[in-house]
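Please keep the sequence and the structure in view while reading.

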Amino acid sequence: MPNDTSSAIGTAAANRRALSVLALCAGLNLIARGIGETFAIFLLPIAREFGADRAALTGVYSTYMLTLGLMSPLAGFAHDRFGPRLGYGAGLLLFGTACALAGAMTALWQLYLLVGIAGAVGSALIGAVPASSLVSRWFRARLPSAMSVLATALGSGMLVFAPATQWLIDHLGWRGAYHAFAVLLLALFVPMMLLPWRRIAAGAPDVVAAAAAAQRTSGGRDWTIARALRTGVFWALFGVIFFTSITTYAISVQLVAYLIESGITPLRAASIFGAVGMVSIVGMMGSGVLAQRFGERAVATVSYTGTIAGIGVLALLQAGPSTTLIGAFLLLFGTMQGTRGPLVAVLTARNFAGGGMGRVYGSVLLGMGTGAAIGSWASGTLYDLTGGYRAGFLLAAAAAACGLLLFWTVNGLSGASGRSASGVPRVSDRS
């Protein structure tokens, strides 16, 4: 009995530590994604001040997302090599400094440099890659649910930062809003440096032991990017996140401007943008739970179908504001937004378990950066060429269909396979 009691106490303490790590990583990821996604709200005020066309401004966001994607494997390497203390510290300092300088910019090219490049590097260092790598060391059976919590950073960030950003712009101007972001990021630096990062990075002993067993089964080698590139499942995961990002960012970066041009007030448009993030939390959390029960392929099918239907509903708003249509768009597109992210994170963690997982996941996220860059840039260019949003909507729907096709044609994405990317059986999760 004493042994059972001690074991129960130890398990409870380990669970608390795991949840604390999850909360910390999710919070930092929320800030990184939330601030990054606010560019859609800055779009019109910056355009008015600099007289820039839509393609030039969406190009800033395309640069941001492309740099974010390119930095993802480097962020994974930096955290693996130098540890989370230096990684998170450097990210907060760089991101905060970039926002401070962006608030004082005098030319559009500076926005490309500060927000598009420096801000993206800082965001990558405090965002999804280090968070996923750390969390995967603390969870096994509940890993899909834990990854879903991390994925809600997109929705939660939009929910928190979208209306807050519009309020800041209304009261302080867009420059003042960037300065407020700088204060937030730089204020976090000292508290982050004081955390016990060595213990956090060590992970839960049983989870680390299971990963080590999987590594021994696969030949005892850490996963390298070169090894991962030789697997079909890596390219399938890359493709899923690539096409999904085209869909998401062809819509999101222009959403506020589209709603305003459809007759909706700026504050309400920003609130709808934030509401998309709010309802996406439901889908993200649900995707992890449902994937455990029905498999990744079934969840992806529902998700992509809802996204395509939501894009169709959004197109109908061109005829004028409609509360019913806005509600349907939030339900279909908003709820499904980001649900593919947890699926990709879980499938990456399962197929590339062991050392080097952070680098592999960061490389998969190159697909996010390139897809988002193409989607946001193409939506702005198509708007300038056609004078409307319909072509961008068609692009987004077609990309969603391609993502769904990958889930149905690549067996490694079904979630039913018992083998990892290396072809050896995976270590089973505990129930």
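Ring pairs join Phe42, Phe50, Phe161, Trp174, Tyr178 and Phe181 into a cluster. The model is predicted. The count of aromatic pairs comes to 20.

**A stacked pair**

- The ring centres of phenylalanine 39 and tyrosine 61 are 6.1 Å apart and the planes are at 15 degrees, so the pair is stacked; the cut-off for stacking is under 30 degrees.
- Phenylalanine 39 belongs to helix α2 (residues 39–50) and tyrosine 61 to helix α3 (residues 54–82).
- Phenylalanine 39 counts as buried because its relative accessibility is 3%, and buried means under 20%.
- Tyrosine 61 is also buried, with a relative accessible area of 2%.

**An edge-to-face pair**

- Tryptophan 174 and tyrosine 178 form an edge-to-face aromatic pair, with 6.3 Å from centre to centre and 90 degrees between the planes.
- These two residues are four residues apart in helix α7 (residues 143–187), so about one helical turn separates them.
- Tryptophan 174 counts as buried at 6% relative accessibility.
- Tyrosine 178 is buried, with a relative accessible area of 4%.

**Charges over rings**

- Arginine 297 has its charged end over the ring of tryptophan 408, 5.2 Å from the ring's centre.
- Arginine 340 lies over the face of tyrosine 304, at 4.6 Å from the ring centre.

Technical notes: Residues are numbered from 1 along each chain as its sequence is written. This is a predicted model: local features need pLDDT of at least 70, side-chain atom pairs count only at pLDDT 80 or more; totals for chains, interfaces and linings use all residues. Side-chain values use heavy atoms; hydrogens and water are left out. Rings of Phe, Tyr and Trp (its six-membered ring) pair if their centres lie within 6.5 Å; planes under 30 degrees apart count as stacked, over 60 as edge-to-face and the rest as tilted. Buried means under 20% relative accessible area, exposed over 50%, partly exposed in between (1.4 Å probe, protein chains only). A charge sits over a ring if NZ of Lys or CZ of Arg is within 6 Å of the ring centre and within 35 degrees of the ring normal.
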